[in-house]
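Let's take a walk through this one together.

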Amino acid sequence: MRRTRGARWLALLPVYGFLLAYLLFTIVPVYWVFATSFKPAQEVMSFPPTLLPHRLSLENYVAVFTQTRLARGVVNSLIVSSSATLLALFIATLAAYAFTRFRFRGKGVLMGTVLGLYLIPPLIGIIPLFLLFSKLGLLNNLFGLALAYQSLVLPLLTFMLKNYFEGIPVEVEEAAMIDGCSRVGVLRWVTLPLALPGLATAAIFAFIFSWNEFVMALTLLLREDLKTVQLVIMEFVKLHRIEWGQLTAAMVVGMAPVLLFIVFAQRYLIAGLLGGATKS
Amino acid sequence: MPYAFVAPLALALLSVSVLPLLWDVWVSLQDLRTTNILRGAPFVGLGNYVKLFHDPLFYHSLRVSLYFVVGSILGQFMLGLLIALIFHRMPAVARWLRPVFILPWILSAIIVGYSWIWMYNYNFGLINLALRAVGLHPVRWLNDISMAIWALVIANVWRGTPFTMLFLEAALKNIPPELYEAAYVDGASGWQVFRHITFPMLRPAVAINLILVTMWTFNLFDTILVMTQGGPANATLTTAMYMYKIAFRYGLFGYGAAIALVMLAINGAMALLYVRTVGKAAVS
């Protein structure tokens, strides 16, 4: 404050320089994917590579939707992600509500287990999960995969929603109960409407996690026609020669939902990123 | 009544999380492979564990994991802390940059992996394009034994920094502004304020963040599976990657389960540390 305006600007110069450098670091890899996806095949493989596409072309997008299983992959992913999200929301809402509003025996043990499972990666159990699913005939089943994803999203969602419910005053519920509303009625008609932003955050998270996941999908889905969008993208690389134009176009399709969430639901995203990790 | 509410959660977690973990113990005591999966595997007791402790590749994988974890955390933490401090002081700038900065964190491992493979591409990658532009020799990033692990670390720092940034930014918001006001009234300099107020107040959050990120990085292998699959010549074979490869590439489920359980023990130790640190943070 004692310094002049010019001197302050000078002092902030390294800060702006750093932010600019980090901004470039963040967007350049994504930009390079986008730029490549809009180049015609010839330009993708021209040396040296062009920083900007000389001619914008949609041929890669047309190719991935007509010549590959990408569209099918998108549909499969939508089925898996939406069913995993709905199931997780239902289960986590009930449990989180019980954790905030009830005292019962075994609550501490159960909550400790949920926290432990949040910290311990589901990857550890992937071998028996594969064996279990093959015994139960749940391999090659999109809903089976949605069930497996519960191990990934339930612990996070339960804590997220519990934090949210704790912020809703219990008096609101008591008033409704005096008016003759049942417990389930209170949850359905009083608490859930108030918790809508929290539910939105939880839903977005469950969806993104399921949409992005590929290790379990790779392990539990062996049939070509059931592959999720991430697995279809992987297939571009198994071919003898990588068609980078098509691969990058498929990647843009694969990250589309996430980009939409960043543009339209950024507030929920940031709340959610922190919701599971900060409190417990 | 409460039990009806928690029953679905208990049931779901029991079947897809707890049961597989317990079964892992049983699998790790057998010589279960793809070849004997149908007719039943021989029970070998602690044989898999004995084998593990004599397996040079396992120790190699622990060393690779150490490089990967330490490298990732150094980069991710320093960048994340720096950005969080800047964002905290410049909310207007933060509002514009934050959504862009968090992008890598929510992209899938497949997208992250291939984006970076494309960046590192020898002929057509942007990084070698830049190296050539300034007159340096291009590098075979992912095919070079000494370079590959650091190439993965850079990609992982790219992906992980947003989490540390958001986490520490939230922690900075929780420091009561009165503390700063009092310090400035007493004539403290910017550095003194950071040294005596910001940093001590931030310490619990820093500890929690470091533990979480350490665990996640140690267990991470999805981007590695996409980018190098542990190669070249095992140069990027982390313990998590080794476990996956043993089980699903070589079909040695019993041996893979033993590695998974050793990883679980390491995670358990970290988790205990986490719980104790969170507990302490709640008290102070």
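What share of the contacts in chain A with a separation of 6 or more comes from residues 24 or more positions apart? The figure is 76%. Keep in mind that you're looking at a predicted model, and that the numbers below are computed from it.

Let's stay with chain A for a moment. It has 15 helices and zero strands. Its C-alpha atoms fill a box of roughly 75 × 75 × 35 Å along the principal axes. The radius of gyration is 24 Å, while a compact globule of 280 residues would come out near 19 Å. As for the interior, buried residues make up 44% of the 280 residues in chain A.

Is A:T93 buried or exposed? It counts as buried, because it has 25 C-beta neighbours inside 10 Å, and the cut-off for being buried is 20 or more. Now find A:K162: it is 69 residues away from A:T93 in sequence, yet the two C-alpha atoms are 8.1 Å apart in space.

Chain B is next. The C-alpha trace spans about 75 × 70 × 35 Å along its principal axes. Of its 284 residues, 43% count as buried. Residues 24 or more positions apart supply 69% of the contacts in chain B with a separation of 6 or more.

Two helices of chain B deserve a stop. In helix 10 (residues 190-219), look for a kink of about 45° at B:R203, shortly before the proline B:P204. Several residues of helix 10 are buried, including B:L202 and B:A205, and also B:I208, B:N209 and B:F218. Helix 12 (residues 239-249) of chain B is another one to click on. Nine of its 11 residues are buried, so helix 12 is largely enclosed by the rest of the structure. Among those buried residues are B:M241, B:Y242, B:M243 and B:Y244, along with B:K245. Just after helix 12, B:G251 takes a positive phi of about 70°.

Now bring the two chains together. How many residues of chain A are in contact with chain B? There are 71, and they meet 66 residues of chain B. On the chain A side, helix 1 (residues 5-37) gives the most, with 14 residues. That side of chain A divides into 54 nonpolar residues, 16 polar ones and one charged.

The axes of helix 6 (residues 126-136) of chain A and helix 1 (residues 2-28) of chain B come within 8 Å and cross at roughly 100°. That angle makes helix 6 of chain A roughly perpendicular to helix 1 of chain B. Who meets whom there? From helix 6 of chain A come A:I127, A:P128, A:L129 and A:L132, and facing them in helix 1 of chain B are B:V16, B:P20, B:W23, B:D24 and B:V27. Sorted by type, the residues of this contact are eight nonpolar, no polar and one charged.

Definitions and conventions:
Residues numbered from 1 in each chain as written. Chains lettered and ligands numbered in written order. Predicted model: local features only at pLDDT ≥ 70, side-chain atom pairs only at ≥ 80, totals over all residues. Contact = placed C-beta atoms within 7 Å. Helix = DSSP H or I, 4+ residues; strand = E, 2+ residues; numbered from the N terminus. Nonpolar A, V, L, I, M, F, W, Y, C, P; charged D, E, K, R; others polar. Axes fitted to C-alpha atoms, helices over the stretch in contact; angles between N-to-C directions. Parallel < 35°, antiparallel > 145°, perpendicular 65-115°, else oblique. Buried ≥ 20, exposed ≤ 12 C-beta atoms within 10 Å, placed from the backbone. Bend = angle between axes of the 7 residues up to and from the residue. Rg over C-alpha atoms; globule rule 2.2 N^0.38 Å.
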